[in-house]
Amino acid sequence: MRRVLVTGGAGFIGSAVVRRLVRDGWQVLNVDKLTYAGNLASLNEIDNSPNYRFLKADIGDASAMREALDTFRPELVMHLAAESHVDRSIDGPGDFIQTNVVGTFNLLQEALRYWRALDAGAQKGFRFHHISTDEVFGSLGADGLFREDTSYDPRSPYSASKAASDHLVRAWFHTYGLPVVMSNCSNNYGPYHFPEKLIPLTILNALEGKPLPVYGRGENVRDWLYVDDHAAALELIATTGRLGESYNVGGNNERRNIDVVKTICAIMDRVVPDARIGAREALIAFVADRPGHDARYAIDASKLKDELGWVPSETFESGIEKTVRWYLDNAAWWEPLKARYDRARLGTA
Ligand code: NAD
Ligand code: TDX
């Protein structure tokens with residue numbers, strides 16, 4: 001049976017990847033520190049599977065990573081663990097440098113040591129897949145798309161830390177021959193998304209009749225991809241992507257933030273009308289802009305389509321409807337997280 005070590009598997013995308021890999025017959029070891037963003041409840045549907053194991057550990061802990069690799073003996077490492085929220089990186093960049101840069105360095109060192117000690121056959125089959133973001137490419141004007149050869153131009157502490165990690169991974173391929181493959185994806189959305197991010201925050205505040213914060217004038221554009229489409233792309237890239245290559249992942253779903261928020265309001269008004277709240281668009285509150293707010297992200301995913309045959313299965317319209325309905329049906333998952341998030345925002349936590 002194929003064995004994969006996933007870092008960050010208790011997070012939003014990592015949990016979608018773990019659920020998918022277990023369903024696809026992989027033996028999975030999920031290594032996660034369980035920061036505020038890690039949540040084992042996102043793995044309830046597979047955590048009784050004999051093919052799934054969990055290890056609470058920090059990717060920055062060399063001896064823990066060494067032991068995990070040596071005892072589990074994976075043929076694939078999928079590295080998703082990261083600090084992921086741009087606003088938090090502005091308020092406190094230290095954790096981003098520690099996990100995204102130093103943690104990735106540490107994991108690369110341990111993966112290299114593990115890979116070098118494998119026999120020739122196992123060495124050939126081993127891969128390290130580094131999962132990254134389109135934010136490393138910076139900010140687009142009205143035209144153009146991010147391609148794999150677009151120059152790096154990160155602008156937030158988060159994207160700079162992810163760019164640094166991408167450079168490290170490439171260096172370990174060219175310098176030491178570690179068999180790596182990389183991917184850079186656009187904004188994900190879908191079930192199990194932590195309620196600090198735009199889409200779940202908007203859904204839950206709209207449900208509760210609270211203000212819907214839109215930064216600046218809401219003109220910034222993001223390219224949205226349903227999380228399960230990303231998970232499918234990641235399994236494909238991890239197993240069949242060319243070594244040393246990177247693949248851009250995106251769904252051709254560019255939307256201005258204000259249009260995303262209005263779309264969610266319209267779905268909520270239709271699916272859960274509430275006379276006390278009325279039309280939810282009235283809840284939109286334009287607030288101070290994010291410092292250094294990137295204007296537009298948009299992905300050219302043609303390399304992934306042409307080489308590996310990946311295409312997304314959800315449109316933004318189908319995916320956002322599914323996502324709203326998931327949050328309405330899964331209050332037990334988000335209620336404790338949202339309550340903690342609201343208290344922290346109000347400074348009462
Ligand atoms: P997330 O914040 O939801 O989850 C991150 C997970 O990593 C959490 O479970 C957390 O506990 C764990 N973690 C954090 N620090 C750790 C450490 N030091 N050691 C071990 N585990 C640690 O993030 P996400 O949105 O699921 O993103 C996953 C990956 O995908 C990240 O690398 C991110 O940069 C990348 N990415 C995210 C998006 C997106 O839209 N969310 C888009 C493109 C790429
Ligand atoms: O309250 C809000 N109001 C608002 O207008 C929040 C939280 C966000 N925004 C804006 C900022 C962005 O333009 O919405 C857009 C999306 O914001 P986030 O959900 O914070 O995502 P973003 O900053 O684009 O980054 C996400 O996608 C790329 C992930 O958090 C990253 O980990 C990933 O790399």
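Let's start at Ala68, which sits in helix α2, a stretch covering residues 62-72. Keep in mind as you look around that this is a predicted model. Is Ala68 buried or exposed? Ala68 counts as buried because 24 other C-beta atoms lie within 10 Å, and the cut-off for that label is 20 or more.

Which residues does Ala68 touch, once those up to four places away in sequence are left aside? They are Leu5, Leu29, Val31, Leu55 and Ala57.

Seven strands make up an open sheet, and you can trace them across in the order β3-β2-β1-β4-β5-β6-β10, with parallel pairing. At the edges you will find β3 (52-56) and β10 (246-249), each of which pairs on one side only. From one strand to the next, the twist averages 20 degrees.

Within this sheet, have a look at strand β1 (residues 3-7). Strand β1 pairs with strand β4 (residues 76-79) in the parallel sense, over four bridges. For instance, Val6 has Met78 in β4 as its bridge partner.

That brings us back to the helix where we began. Helix α2 packs on the sheet and touches β1, β2 (27-32) and β3. The direction of α2 makes about 160 degrees with that of β1.

How values were computed
Residues are numbered from 1 along each chain as its sequence is written. Chains are lettered from A and ligands numbered from 1 in the order in which they are written. This is a predicted model: local features need pLDDT of at least 70, side-chain atom pairs count only at pLDDT 80 or more; totals for chains, interfaces and linings use all residues. Helices (H or I, at least four residues) and strands (E, at least two) are DSSP runs, numbered from the N terminus. A residue is buried if 20 or more other C-beta atoms lie within 10 Å of its own, exposed if 12 or fewer, and partly exposed in between; C-beta atoms are placed from the backbone. Two residues are in contact if their C-beta atoms, placed from the backbone, lie within 7 Å. Two strands pair if DSSP finds at least two bridges between them. Axes are lines fitted to C-alpha atoms, for helices over the stretch in contact, and angles run from 0 to 180 degrees between N-to-C directions.
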